[in-house]
Amino acid sequence: NLRIVGLLEGQEGDNVIKHASKMIKETFNIEHFENLPFLDNAHRIGKKSVPQDKPRHLIVRFHFLQMRQNILQAAKELGMVECEGCKFQFVPDYSYKLLELRKSFHNCF
């Protein structure tokens, strides 16, 4: 899974999977894919906030692990991305346990 952080609420419309696929294809100039990237699922997480100061993260689940890895690698090289007038970035979706474990190693170095 990947998280898309910073994507404005409501941009995805009714079909989140189709919008996420199209956005990934446009962002990374994926010309060699005949179809849009194969996504099993895409959805927002968390509760919708009333003032909508911070948009909720979008979780995207890829059908093929290699496609996820390629997009994650390209996202690391690009950093913050701008598409459709919105700045966002792709980050790995780690479990809470793994995030806590990774935090504990920050003090070691």
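Q: Let's start with β2 and β3: which way do they pair, parallel or antiparallel?
A: β2 and β3 run antiparallel, and 5 bridges hold the pairing. One thing to keep in mind throughout is that this is a predicted model.

Q: Who sits across from H43 there?
A: The bridge partner of H43 is I59, over in β3.

Q: What else does β3 pair with?
A: β3 also pairs with β1, in the antiparallel sense, over 3 bridges. In that pairing, I4 has L58 of β3 as its bridge partner.

Q: Is β3 enclosed or open, and why?
A: It is largely enclosed by the rest of the structure, because 4 of the 5 residues of β3 are buried.

Q: And how do β1 and β5 run relative to each other?
A: Antiparallel, with 4 bridges joining β1 to β5. V5, for instance, stands opposite Q89 in β5.

Q: Back up a bit. What's the overall order of elements?
A: Going from the N terminus, you get β-α-β-β-α-β-β-α. That comes to 3 helices and 5 strands.

Q: How much of the protein is buried?
A: Of its 109 residues, 32% count as buried. The accessible surface is about 7700 Å², and carbon and sulfur atoms account for 52% of that.

Q: OK, the core. Which residues touch the most other members?
A: In the largest nonpolar core, which has 22 residues, those are I4, V60, F62, F88 and F90. The elements giving two or more residues to this core are β1 (2-5), α1 (16-27), β2 (39-44), β3 (58-62), α2 (65-78), β4 and β5. As background, nonpolar side chains in soluble globular proteins tend to be buried together.

Q: I4 keeps coming up. What is it in contact with?
A: Setting aside neighbours within four places in sequence, I4 is in contact with M23, H57, L58, V60, F88, Q89 and F90. L58 is also its bridge partner in β3, and V60, F88 and F90 are on that list of core residues touching the most other members.

Q: Switching to charges: how many salt bridges are there?
A: A search of the whole structure finds 5. One of them joins R3 and D93, with the closest N and O atoms 2.8 Å apart. This pair links distant parts of the chain, since R3 is in strand β1 and D93 is in the loop between β5 and α3, 90 residues apart.

Q: Is D93 buried or exposed, or partly exposed?
A: D93 counts as partly exposed, because its relative accessible area is 22%.

Q: Which salt bridge partner does K22 have?
A: K22 pairs with E26, and the closest N and O atoms are 3.9 Å apart. Both residues lie in helix α1, 4 residues apart, about one turn of the helix. K22 is partly exposed because its relative accessibility is 40%, and E26 is partly exposed at 39%.

Q: What about E100, who does its side chain meet?
A: It meets K103 in a salt bridge, at 3.6 Å from N to O. E100 and K103 are both in helix α3, 3 residues apart, again about one turn of the helix. E100 counts as partly exposed at 34% relative accessibility, whereas K103 counts as exposed at 53%.

Q: Now histidines. Where does H19 lie?
A: H19 is in helix α1. It counts as buried because its relative accessible area is 11%, and the cut-off for buried is under 20%.

Q: What does H19 touch?
A: Not counting residues up to four places away in sequence, H19 touches Q11, E12 and E84.

Q: Last one: where is G85?
A: G85 lies in the loop between β4 (81-83) and β5 (86-92). At 67% relative accessibility it counts as exposed. G85 and L7 are 78 residues apart in sequence, with their C-alpha atoms 9.9 Å apart in space.

Note on methods. Residues are numbered from 1 along each chain as its sequence is written. This is a predicted model: local features need pLDDT of at least 70, side-chain atom pairs count only at pLDDT 80 or more; totals for chains, interfaces and linings use all residues. Side-chain values use heavy atoms; hydrogens and water are left out. Buried means under 20% relative accessible area, exposed over 50%, partly exposed in between (1.4 Å probe, protein chains only). A nonpolar core is a set of buried Ala, Val, Leu, Ile, Met, Phe, Trp, Tyr and Cys residues joined through side-chain atoms within 4.5 Å. Contact means heavy atoms within 4.5 Å. Accessible areas come from the Shrake-Rupley method with a 1.4 Å probe; for residues, only the protein chains shown count as cover. Two strands pair if DSSP finds at least two bridges between them. A salt bridge is a side-chain nitrogen of Lys or Arg within 4 Å of a carboxyl oxygen of Asp or Glu.
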